[in-house]
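Subject: Structure handover

Hello,

Here is the structure for you to work with. My notes on it follow below.

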Amino acid sequence: MYPKVFPFANSKCRRYFYNRLKLSKLTLTAMYRKQHKKDITQEAVKKRRSATKKPYFMSIVDATLEVIQKKRTEKPDAAREAALREIKERTKKTKDEKKAKKAEVAAKTQKSQGKGNVSKDAMPKCPKLGGGGGKRRV
């Protein structure tokens, strides 16, 4: 007979109760979710960079600081190129020597052969017999 009294935490809860809405089933607007940080998205956190340390140079036991700086500024390919150039020269020399030896050997063989042997070019050409590579007919 007597009316029931419902205690509500705030006016929002009371409003939803009398409109027969359940908060758990409500889908709120995108703007509301963004304002009240209901989104699951993670905020991008800026990574802090540590200050880069400048290298501290000092001379090592045998080398002075100037020598170290020269080596550092020197191109790393320069030594490699010099080595390659040296190798190419060496191979070229050996090829030239081989050619010279071949020429000497060829000259000696021609002298030793003399007039007795006839070269292939000087021999008379005759037709080949026996038709070697044609199709076989069964």
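How many helices and strands does the protein have? The protein has 4 helices and 0 strands. From the N terminus on, the order is α-α-α-α. Helices (H or I, at least four residues) and strands (E, at least two) are DSSP runs, numbered from the N terminus.

Some ground rules. The model is predicted, so local features need pLDDT of at least 70 and side-chain atom pairs count only at pLDDT 80 or more, while totals for chains, interfaces and linings use all residues. Residues are numbered from 1 along each chain as its sequence is written, and side-chain values use heavy atoms, with hydrogens and water left out.

Confidence

The mean pLDDT (the predictor's confidence in each residue, from 0 to 100) of the protein is 78. Of its residues, 73% reach 70 or more. Confidence is lowest in helix H3 (residues 65-73), with a mean of 79. It is highest in H1, at 89. Where pLDDT is low, the predicted coordinates should not be read in detail.

Surface

Buried residues make up 1% of the 138 residues. Buried means under 20% relative accessible area, exposed over 50%, and partly exposed in between (1.4 Å probe, protein chains only). The accessible surface comes to about 15900 Å². Carbon and sulfur atoms hold 56% of that surface. Areas come from the Shrake-Rupley method with a 1.4 Å probe; for residues, only the protein chains shown count as cover.

Aromatic rings

The structure holds 5 aromatic pairs. One of them joins Phe-6 and Phe-8: the ring centres are 6.4 Å apart and the planes stand at 35 degrees, so this pair is tilted. The criteria: rings of Phe, Tyr and Trp (its six-membered ring) pair if their centres lie within 6.5 Å; planes under 30 degrees apart count as stacked, over 60 as edge-to-face and the rest as tilted. Phe-6 is partly exposed at 40% relative accessible area. Phe-8 is also partly exposed, at 25%.

Phe-6 pairs with Phe-17 too, with centres 4.9 Å apart and planes at 50 degrees, so that pair is tilted. Phe-6 sits in the segment before helix H1 (11-18) and Phe-17 in helix H1, so the pair ties together parts that are 11 residues apart in sequence. Phe-17 is partly exposed, at 38%. Ring pairs link Phe-6, Phe-8, Phe-17 and Tyr-18 into a cluster.

Phe-6, Phe-17 and Tyr-18 also form a nonpolar surface patch, with about 330 Å² of accessible area together. Patches take residues with over 30% relative accessible area and no salt bridge; like charges are joined within 9 Å, nonpolar side chains (Val, Leu, Ile, Met, Phe, Trp, Tyr) within 5 Å.

Charges

Where does Arg-15 lie? Arg-15 lies over the face of Tyr-16, 5.6 Å from the ring centre. The test is NZ of Lys or CZ of Arg within 6 Å of the ring centre and within 35 degrees of the ring normal.

A search of the whole structure finds 1 salt bridge (a side-chain nitrogen of Lys or Arg within 4 Å of a carboxyl oxygen of Asp or Glu). The side chains of Arg-90 and Glu-86 make it, at 3.3 Å from N to O. The two residues are 4 apart in helix H4 (residues 76-113), separated by about one helical turn. Glu-86 is partly exposed, at 46%.

Backbone

Arg-20 has a positive phi of about 55 degrees, although it is not a glycine. Arg-20 is in the loop between H1 and helix H2 (30-35). Arg-20 is exposed, at 77% relative accessible area.

Best regards
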